[in-house]
Amino acid sequence: MHDLIRDITLCILFAWGIGLLAHFFKQPLILAYLVAGFFIGPYGAGWVKSEESISTISELGLIFMLFMIGLEIDLKKIVRAGRVILFAAGGQLIGGCVLGALFFMAIGLPLANGKFDALYLCIACALSSTVVIVKVLYEKRELDTLPGRITLGILVLQDIFAILFLAVQPSLADLQLTVILLSIARVGALVATALMLSRYILPHLFHQIARRPELVLLGALAWCFLIGEIAERLHLSREMGSLVAGVSLSTFPYALDVTAKVTTLRDFFITLFFVAVGMTIPVPNLSVIGLALIIALFTVASRILTTFIPLYLMKQGLRASLLPALNLAQISEFSLVVLQTGIAAGHITTRTSSATSFAFVILAVLSTFAMLRSDQITRWLIGPLKRIGLRDLDHGQGAGGEAGQAGDHGARRIVILGFYRAASALLSEIQRQNESLLEQISVVDFNPQVFRTLVERGQHVIYGDISHVDTLVHAGVGHAEIIILSVPDSLLKGATNERLVRHVRSINPTARIIACADLLSDVPDIYAAGADYVTVTRLSDAHALYEVIDAADQGLLPAKRAELDAQLAERREVLP
């Protein structure tokens, strides 16, 4: 016991110290935890040698990690997942696994006789890192873009796929139809038990203790270990049980409260898990390094093939098909979980696990840089892809920018450059007040969803990247009378409103240009660039909020709300 406490102390100290270095050098914290584990483990300085300590630390961390992954899986979002996400995820997972199994068997890894290195590797390479992806997309403010939503949808379905694999994993050595059906039946019994309890019993219990934070936390932990033990009795794993426990809790009203209270504890045990994984990584020899590089290269190549192709075939356009493929081009932390269960079951060798851990580190670093520069990378790739014959959604527009309606060349009198929520609201308002004006408006944007919806509504739309001067010229912006830039700088890719105004003004010296500003300090610069009017959303928002406060003081808030509800009921916006 004293050795275990000492070992945990070393884990936390070195994880924190190396984590600080990773923070300063802007590297993933998971990488720091793996390095910390390697440094203090039996293959490094040797300060933590006890296999029992490493196993206990790893299992505790794994249980909490899977519990929290389960809590963050939103079943309602999966049910509402669109056709694009379902087909893209299916193509990526099935294609990745088939290609992976064939590739890893071809390079000599086993898939029979009790050794399943090729199988575990194809599963591991099919999963992408939620931690890396969500962090970078959040920082880039791309979580709510179309490529961002597709990426997150695929991530959720990857987690479900991993759950299904963990269900049959204990029976891989004797994988018969009856065994598979029995495993599925056991999982079904576990899930049914957890869902029934979480729906009919837990809400009443948590309602009684909702104001006692320590009891909410303790109740969540008790639930996690209870379902874990039930899973163990059903000859499943505690890890599988903790995942089901999290998923079942995610469906009931107190899920957010539980997640908030368990988060700190989760971070502690996830840190321990990755440090423990780092302890199991031996000093790499040329064989391990070579296999790690092969795994990394295969992961990137297979992700491009299995993600880009389904999205492209569903007519998402080159950009919206490439971005999710780039976003997903790494190995998941969940993959390390899968590999650890394989080592514990004796299904794979330490060499395979170590090589995958090194590949995880390589891709975590490289994919972070690639995602930060994904817009430049996609622009660089679109040209060659068009030259080899792949058509984008602008095919057939020609130099005049024809789109949506035969015989319509070039932009109309009013041009909206970039289409987001403000532009969506503007079109709805014009439709409500002066519908005939819609015939004088052109929209230029590269969101395939926006493109198709506007075409279906009969609105003139041109597919193109507004950050390119060539797009503006070919779209006929030079002949427009009013040009509106409604997308804030924080959402623009490869441009700013100031730069766009300069480009537009150089192409069309006489147009009236209306732009928007994120910051008050941006307004003079945008005017200096050539804008005729600059909108500042915060000012209009402030005016609207003041009117609401005034209505509340006069007892007119219900009437104010009724007025807003009536306006909302009339709107048919492209973007909800």
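This report describes selected features of one predicted protein model, from its nonpolar cores to its salt bridges and surface.

Because the model is predicted, local features need pLDDT of at least 70 and side-chain atom pairs count only at pLDDT 80 or more, while totals for chains, interfaces and linings use all residues. Residues are numbered from 1 along each chain as its sequence is written, and side-chain values use heavy atoms, with hydrogens and water left out.

In soluble globular proteins, nonpolar side chains tend to be buried together. The largest nonpolar core of this model has 84 residues, and those with the most contacts inside it are Phe 67, Phe 104, Tyr 120, Trp 223, Phe 274, Ile 295 and Phe 334. Apart from this core lies another, of 28 residues, which includes Ala 411, Leu 417, Ala 517 and Ala 531. A nonpolar core here is a set of buried Ala, Val, Leu, Ile, Met, Phe, Trp, Tyr and Cys residues joined through side-chain atoms within 4.5 Å. Buried means under 20% relative accessible area, exposed means over 50%, and partly exposed lies in between, with a 1.4 Å probe and protein chains only.

Phe 274 touches Ile 30, Tyr 33, Leu 34, Met 65, Glu 333 and Leu 336, when residues up to four places away in sequence are not counted; contact means heavy atoms within 4.5 Å.

Leu 190 is found in helix α9, which covers residues 177-200; helices (H or I, at least four residues) and strands (E, at least two) are DSSP runs, numbered from the N terminus. Leu 190 counts as buried because its relative accessibility is 0%. Leaving aside its neighbours within four places in sequence, Leu 190 is in contact with Ile 227, Ile 230, Ala 231, Leu 234, Leu 236, Gly 241 and Val 244. The C-alpha atoms of Leu 190 and Ile 230 are separated by 7.4 Å, although the two residues are 40 residues apart along the chain.

Pro 147 is found in helix α8 (residues 146-168), and with a relative accessible area of 8% Pro 147 is buried. Beyond its neighbours within four places in sequence, Pro 147 is in contact with Arg 319, Ala 320, Leu 323, Pro 324 and Asn 327.

## Salt bridges

The structure holds ten salt bridges, each being a side-chain nitrogen of Lys or Arg within 4 Å of a carboxyl oxygen of Asp or Glu.

| Pair | N to O distance | Relative accessible areas |
|---|---|---|
| Arg 505 and Asp 532 | 3.0 Å | Arg 505 18%, Asp 532 43% |
| Lys 560 and Glu 547 | 3.3 Å | Lys 560 24%, Glu 547 34% |
| Asp 565 and Arg 561 | 3.6 Å | Asp 565 37%, Arg 561 60% |

Arg 505 forms its salt bridge with Asp 532, and this pair links distant parts of the chain, 27 residues apart, with Arg 505 in helix α22 (residues 497-507) and Asp 532 in the loop between α23 (522-529) and β6 (533-536). Lys 560 forms a salt bridge with Glu 547; Lys 560 lies in helix α25 (residues 557-570) and Glu 547 in helix α24 (residues 537-553), so the pair ties together parts that are 13 residues apart in sequence. Asp 565 and Arg 561, by contrast, both lie in helix α25, four residues apart, which is about one turn of the helix.

## Loops and surface

Ser 467 is found in the loop between β3 (460-463) and α21 (469-474), and at 13% relative accessibility Ser 467 counts as buried. The side chain of Ser 467 makes polar contacts with the side chains of Arg 379, at 3.0 Å, and Asp 465, at 2.8 Å. A polar contact is a pair of N or O atoms within 3.5 Å; within protein, one must be able to donate a hydrogen and the other to accept it, and residues adjacent in sequence count only if both atoms are side-chain atoms.

Lys 315 lies in the loop between α14 (286-313) and α15 (317-327), and Lys 315 is exposed, with a relative accessible area of 59%. Its phi is near 60°, a positive value in a residue other than glycine.
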